[in-house]
Amino acid sequence: MSDSAFRIEKDLLGTLEVPSDAYYGVQTLRAINNFKLSGITLSHFPKLVNALAMVKWAAAAANHELGYLSAEKHTAIAKACERITNGEFHDQFLVDMIQGGAGTSTNMNANEVIANIALEELGHQKGEYKFLHPNNDVNMAQSTNDAYPTAIRIGLLLGYDSLLDALAKLRDAFAAKGEEFAHVIKMGRTQLQDAVPMTLGQEFRAFSTTLTEDLDRIRLLIPDLLREVNLGGTAIGTGINADPRYQFLAVQHLARITGHALLPATDLIEATSDMGAFVLLSGMLKRTAVKLSKICNDLRLLSSGPRTGINEINLPPRQPGSSIMPGKVNPVIPEAVNQVVFEVIGNDLAVTLAAEGGQLQLNVMEPLIAYKTFDSIRLLTRAMDMLRILCIEGITANEARCKDLVEHSIGLVTALNPYIGYENSTRIARIALETGKGVLELVREEKLLSEETLEEILKPENMIAPHLVLNDLTKH
């Protein structure tokens, strides 16, 4: 590579050759060389990159309004930030999500990229920082310690709609199946043992309901948790190097740019070090993930077999299931969701430990908190879309199998208990288990109930909801 392929940049530690076509600078390059860890860079999370640009955009607007940043520089920085939020230059955000320095590398990656885009807007070459500087101009009145956590919050606010959309669509898919299967009588089960009859529709409506609970909570929780930002606190929350009017103006501009109703933190020192909002958000994501995993466990059980399992539903076949067993088809979509959930649970533990690992006026583990929170949202969004499209929407019911299992289940005796008494019910159940005969067959043999009464008891609508009608012949 020729000398012209590089430009020389310097920082506190000396000089480095930066690729001449790179919009990042020397501090970003050091981070790229130092942190080869997850392989997941900032560019993997476009909403976070956009949020970083929005923070710098708002800061520039406030500094210009206060008279500290010239109109020329403000215009160039604003244009650079706008281009980033429109999706340009994301490939220049190359710092690993896991990094030392409490996010300084991320902040400098943003500062340098924005500065070099702005320099070109002004007609200068990349790296000619005497005309517009990453620290002096782009980072004016800021520290990593307020710009970075603010950007994390903004990135999450910008991106959580996709999670809600995926969750709402999955909820609706289960609700639709609940309607489709409303007439299919089956056995409910507790502790993997026969319980009492229900409908397959009720089972799927319950899946829908449990997801609705989380959808409603997340919709309310995220804006409330994330709208308070510590922009203006600079290094530790005292606001050193910032005009007293800066915090209010910067947050006001940021609210306008993002479209979210943001609030300046009332206690900037607390807001700079506290990670409680992220712990609560991560816990909510884990809760939703755990529910998804339980649902997927149920789908796998209900579709098990096909000949030797429960086999009450059919999952859409997606790929051959074995390299050695011909004809085998596995429930690969629910299995994949289970594994996503395990990772989300691990992410939540990482967030918890990182939040606990802060000391004094700063939590240096914020990069891990950001990485794992964004990762959980991305994984859950993709998993829910996959589950809905490739599994739930194509599920069919094995109605005959469901009916057969109900008619031959010992659990059916529970529906007869109010009519023949607990002792008779227990005896019938024992005989059925010992002989293999059906409960109804034994009741008919012993003439414990009339056919008319049996017919009334066994009506689907009477077995799947509160119902108790005792006539004079069956009272005890």
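Helices (H or I, at least four residues) and strands (E, at least two) are DSSP runs, numbered from the N terminus. On that basis, glycine 39 is found in the loop between α1 and α2 (46-65). This is a predicted model, in which local features need pLDDT of at least 70 and side-chain atom pairs count only at pLDDT 80 or more, while totals for chains, interfaces and linings use all residues. Residues are numbered from 1 along each chain as its sequence is written, and side-chain values use heavy atoms, with hydrogens and water left out.

**Overall architecture**

- The protein chain has 18 helices and eight strands. Its radius of gyration is 31 Å, well over the 23 Å that the globule rule gives for 476 residues, so the chain is more spread out than a compact globule. The radius is taken over C-alpha atoms, and the globule rule is 2.2 Å times the number of residues to the power 0.38.
- Along the principal axes, the C-alpha atoms of the protein chain fill a box of roughly 100 × 55 × 35 Å.
- Of the 476 residues of the protein chain, 53% count as buried. Buried means under 20% relative accessible area, exposed over 50%, and partly exposed in between (1.4 Å probe, protein chains only).
- Among contacts between residues at least 6 apart in sequence, 72% join residues at least 24 apart; contact means heavy atoms within 4.5 Å.

**Surface and charge**

- The accessible surface of the protein chain comes to about 21,900 Å², and 54% of this surface belongs to carbon and sulfur atoms. Accessible areas come from the Shrake-Rupley method with a 1.4 Å probe; for residues, only the protein chains shown count as cover.
- There are 44 positive and 57 negative side chains in the protein chain, and the centres of the two sets lie 3 Å apart. Lys and Arg count as positive and Asp and Glu as negative, whereas His and the chain ends are not counted. The place of a charge is taken as NZ of Lys, CZ of Arg, CG of Asp or CD of Glu.

- In helix α1 (residues 26-34), the residues Val26, Thr28, Leu29, Arg30, Ala31 and Ile32 are buried. The buried residues of α1 pack against β1 (6-11), β2 (14-19) and α4.
- Glycine 39 and aspartate 96 are 57 residues apart in sequence, yet their C-alpha atoms are 6.3 Å apart in space. Neighbours within four places in sequence aside, glycine 39 is in contact with His44 and Asp96.

**Buried polar side chains**

- Asparagine 109 lies in helix α4 (residues 104-121) and counts as buried, at 0% relative accessibility.
- A polar atom of the asparagine 109 side chain lies 3.5 Å from the backbone nitrogen of valine 95. A polar contact is a pair of N or O atoms within 3.5 Å; within protein, one must be able to donate a hydrogen and the other to accept it, and residues adjacent in sequence count only if both atoms are side-chain atoms.
- Not counting residues up to four places away in sequence, asparagine 109 touches Tyr24, Thr28, Leu42, Gln92, Phe93, Leu94 and Val95.
- Glutamine 142 is placed in the loop between α5 (134-138) and α6 (144-180), and at 9% relative accessibility this residue counts as buried.
- The backbone oxygen of valine 138 is 2.8 Å from a polar atom of the glutamine 142 side chain. Beyond four places in sequence, the contacts of glutamine 142 include Thr234 and Tyr246.

- Isoleucine 154 sits in helix α6 and counts as buried, at 0% relative accessibility.
- The C-alpha atoms of isoleucine 154 and alanine 51 are separated by 5.5 Å, although the two residues are 103 residues apart along the chain. Apart from neighbours within four places in sequence, isoleucine 154 is in contact with Ala51, Met54, Leu254, Thr258 and Leu262.

**Backbone features**

- Glycine 305 and proline 306 are joined by a cis peptide bond, with omega about 5°. Proline 306 lies in the loop between α10 (276-302) and β7 (313-314).
- Threonine 234, a residue other than glycine, has a positive phi near 50°. It is placed in the loop between β5 (228-229) and α8 (246-258), and is buried, with a relative accessible area of 3%.
- Asparagine 241 has a positive phi of about 70° although it is not a glycine. This residue is found in the loop between β5 and α8 and counts as exposed, at 70% relative accessibility.
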